[in-house]
Amino acid sequence: MTTSNAPQILLRKHTRREFRERMNSGELQAVIIPVAAIEQHLEHLAMEHDWRSVTHVANAVAERLRPHVVVAEGLMAGISEHHMNHPGTLSLTPATFMAVVHDLVDSMYRAGFKNILVLNGHGGNVAPMQAVWDQFIRRYQVNLQFMPYWDVYTAQDAEELMDSGQRLPQDLPGHAQEFETSFALAAFPENVRTKMWTDQPDQKPAMATAEKGAAFIERTVDRVSAYVQDMIDGRNVVEIPSFHP
Ligand SMILES: [Zn+2]
């Protein structure tokens with residue numbers, strides 16, 4: 001539980017003085033910038049899923065590593081053109097998405113962070129970001145990393161936790177399938193309309209359970225926390241690509 005005088009894990013809750021003092025003292029050593037999507041998630045799951053799940057992970061990791069990590073909530077919407085046939089989806093063009101991620105990274109770099117993790121919760125953001133990430137690193141020359149949170153899963157996790165045949169991490173997050181629906185049942189069950197999950201062509205979401213979701217969340221928080229701790233301790237440092245000679 002968070003006590004009222006525990007150091008904040010959310011950047012936006014700080015006053016400028018509180019933030020400045022924590023940076024200047026060296027207490028704050030890493031920042032997580034979550035990015036996601038607000039998009040249709042079939043008939044049964046709320047559109048906020050990707051944003052809600054990635055911030056759930058980011059906040060839990062920052063709690064675990066308190067007082068050294070803050071979460072700079074960045075970008076709820078993502079690259080979702082492939083979902084625009086379902087009204088209500090919010091989509092950014094790849095150029096807009098990358099420009100905003102760049103500006104958020106720039107802001108945190110200028111705040112003084114040397115360890116910056118852009119933690120991603122939406123599959124459509126992955127390929128565009130990976131394609132340009134080396135350019136970001138060259139520009140900032142710090143330990144700047146991009147990672148979808150499901151990258152921490154292994155084939156063994158799939159064997160132990162999945163019943164629908166989704167493979168890990170290749171088939172994750174899937175779209176509103178067993179994995180995402182289980183996560184929601186465990187962390188924010190009000191987002192799952194269980195009456196609707198069999199009233200659609202895709203029946204796999206109905207294989208979700210809160211127990212599977214809780215097991216996934218525990219493994220995710222353990223492993224992403226270790227990942228960020230290793231960034232702080234210098235055991236997980238991105239290689240800075242060379243410039244053209
Ligand atoms: Zn999703």
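## Basis of the description

Helices (H or I, at least four residues) and strands (E, at least two) are DSSP runs, numbered from the N terminus. This is a predicted model, in which local features need pLDDT of at least 70 and side-chain atom pairs count only at pLDDT 80 or more, while totals for chains, interfaces and linings use all residues. Residues are numbered from 1 along each chain as its sequence is written.

Gln141, found in the loop between α4 and β4 (143-148), has a positive phi of about 60° although it is not a glycine. Gln141 is exposed, with 10 other C-beta atoms within 10 Å; a residue counts as exposed if 12 or fewer other C-beta atoms, placed from the backbone, lie within 10 Å of its own, as buried if 20 or more do, and as partly exposed in between.

Ala176, in the loop between α5 (155-161) and α6 (178-187), also has a positive phi of about 60° without being a glycine, but Ala176 is buried, with 27 other C-beta atoms within 10 Å. In the loop between α2 and β2 (69-71) lies Pro67, and the peptide bond leading from Arg66 to Pro67 is cis, with omega near 10°.
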